[in-house]
Amino acid sequence: MAFSRKKGAEFTGDTVALEGVELRYEDGPRVLADVNLSIPQQSFYFLTGPSGAGKTSLLSLMYLAKRPTQGRIKLFGEDVWEAKRARLPVLRRRLGVVFQDFRLLDHMTAFDNVALPLRVAGAGEITLQRNVSELLKWVGLEDSMNALPTQLSGGQQQRVAIARAVVHRPKLILADEPTGNVDDTIAMRLMMLFVELNKLGSSVIIATHNEHLVARFPFPRIHLENGKVTVHEPAGANP
Ligand SMILES: Nc1ncnc2c1ncn2[C@@H]1O[C@H](COP(=O)(O)OP(=O)(O)O)[C@@H](O)[C@H]1O
Ligand SMILES: [Mg+2]
């Protein structure tokens with residue numbers, strides 16, 4: 001890809017760190033109990049665990065949609081719930097999130113959905129056109145740039161959501177089951193996009209219950225079960 005490497009570190013330390021984190025839903029289960037986790041810069045992790053284990057909940061703590069009932073979350077070295085409120089949008093702009101349910105804007109074309117993070121960041125129109133088209137080509141949607149989300153299949157919408165999540169070159173990419181709606185060939189292509197962005201400097205966390213996919217890449221996994229996380233190094237991966 002023609003994305004340029006950004007110069008200079010914008011922060012030091014881990015990309016994201018959880019210290020003694022508990023998440024308990026009101027009238028619901030305690031999903032996370034005393035979770036400690038640190039994600040170094042430019043690392044790549046799978047996030048696994050049975051359905052209902054709390055993968056989506058854990059990611060939503062990292063993208064600041066939820067606040068832990070106990071413990072601390074640091075993003076790019078800053079304690080997010082201690083930081084001034086004005087810092088939160090700044091920290092959020094360094095994140096790229098692929099939601100399990102996509103969350104595309106239905107009144108905007110695929111192109112405009114993907115362009116949104118760049119427009120918010122005030123990118124110039126030439127850069128924007130080039131980067132958005134390039135990404136949509138990468139995910140195989142060059143012929144659907146002007147389609148509305150409702151005119152696209154679930155798999156195509158998922159690919160728009162991925163392109164939108166990464167177009168502004170986030171320092172941390174959080175992807176919730178990003179290959180859940182596509183076939184194996186497209187899944188591998190999307191994985192190569194995440195791998196490429198990781199090589200260019202992003203940390204990546206991919207929640208998945210696709211063991212096939214996990215086995216094909218030499219990346220460690222964060223496994224979530226019964227409210228606890230364990231980190232496992234890859235066992236003889238064969239990419
Ligand atoms: N907003 C919520 N209120 C109450 N319980 C919730 C809420 N969201 C998720 N849960 C519960 O938390 C647990 C973890 O859910 P989730 O994070 O979606 O798991 P996963 O992504 O691993 O399937 C489940 O038992 C789910 O029912
Ligand atoms: Mg989930």
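1. For the residue classes used in this note, Ala, Val, Leu, Ile, Met, Phe, Trp, Tyr, Cys and Pro count as nonpolar, Asp, Glu, Lys and Arg as charged, and the others, Gly among them, as polar. On that basis, the shell around ligand 1 comprises four nonpolar, seven polar and one charged residues. The structure is a predicted model, and the remarks below should be read accordingly.

2. Which residues surround ligand 1? The shell is made up of Tyr25, Gly28, Pro29, Val31, Gly49, Ser51, Gly52, Ala53, Gly54, Lys55, Thr56 and Ser57. Helix H1, which spans residues 55-62, provides the largest share of this shell, namely three residues.

3. As to the overall fold, the protein chain contains seven helices and 10 strands. Its radius of gyration is 17 Å, in agreement with the value near 18 Å that a compact globule of 239 residues would have. Along the principal axes, the C-alpha atoms of the protein chain fill a box of roughly 45 × 40 × 40 Å. Of the 239 residues, 37% count as buried. Among contacts in the protein chain with a separation of 6 or more, 67% are accounted for by residues 24 or more positions apart.

4. The next point concerns an open sheet. Four strands make up this sheet in the order S2-S1-S4-S5, and their pairing is antiparallel. Strand S2 (30-39) and S5 stand at the edges with a single partner strand each, so one side of each has no neighbour in the sheet. In general terms, the strands of a sheet pair through backbone hydrogen bonds, either parallel or antiparallel.

5. Within the sheet, strand S1 (residues 16-24) pairs with strand S4 (residues 70-75) in the antiparallel sense, over five bridges.

6. How many bridges join S4 to strand S5 (residues 78-79)? There are two bridges, and these strands run antiparallel. S4 and S5 form a hairpin with two residues between them. In the turn, Phe76 has a positive phi of about 50 degrees.

7. The protein chain is divided into domain 1 (41-67 + 77-94 + 170-239) and domain 2 (105-169). Taken over C-alpha atoms, the centres of domain 1 and domain 2 are separated by 21 Å. Contact between the domains involves 11 residues of domain 1 and 12 residues of domain 2. On the side of domain 1 that touches domain 2, strand S7 (172-176) and helix H6 (184-199) each supply at least two residues. H6 gives the most to this side, with four residues. By class, the side of domain 1 that touches domain 2 has nine nonpolar, one polar and one charged residues.

8. Is Thr127 buried or exposed? Thr127 is found in helix H4 (residues 125-138). A residue is exposed if 12 or fewer other C-beta atoms lie within 10 Å of its own; Thr127 has 10 such atoms and is therefore exposed. The C-alpha atoms of Thr127 and Ala207 are separated by 31 Å, and these two residues lie 80 residues apart along the chain.

Conventions. Residues are numbered from 1 along each chain as its sequence is written. Chains are lettered from A and ligands numbered from 1 in the order in which they are written. This is a predicted model: local features need pLDDT of at least 70, side-chain atom pairs count only at pLDDT 80 or more; totals for chains, interfaces and linings use all residues. Two strands pair if DSSP finds at least two bridges between them. A residue is near a molecule or strand if its C-beta atom, placed from the backbone, lies within 6 Å of it. A residue is buried if 20 or more other C-beta atoms lie within 10 Å of its own, exposed if 12 or fewer, and partly exposed in between; C-beta atoms are placed from the backbone. The radius of gyration is taken over C-alpha atoms; the globule rule is 2.2 Å times the number of residues to the power 0.38. Two residues are in contact if their C-beta atoms, placed from the backbone, lie within 7 Å. Domain bounds come from an automatic or database domain assignment.
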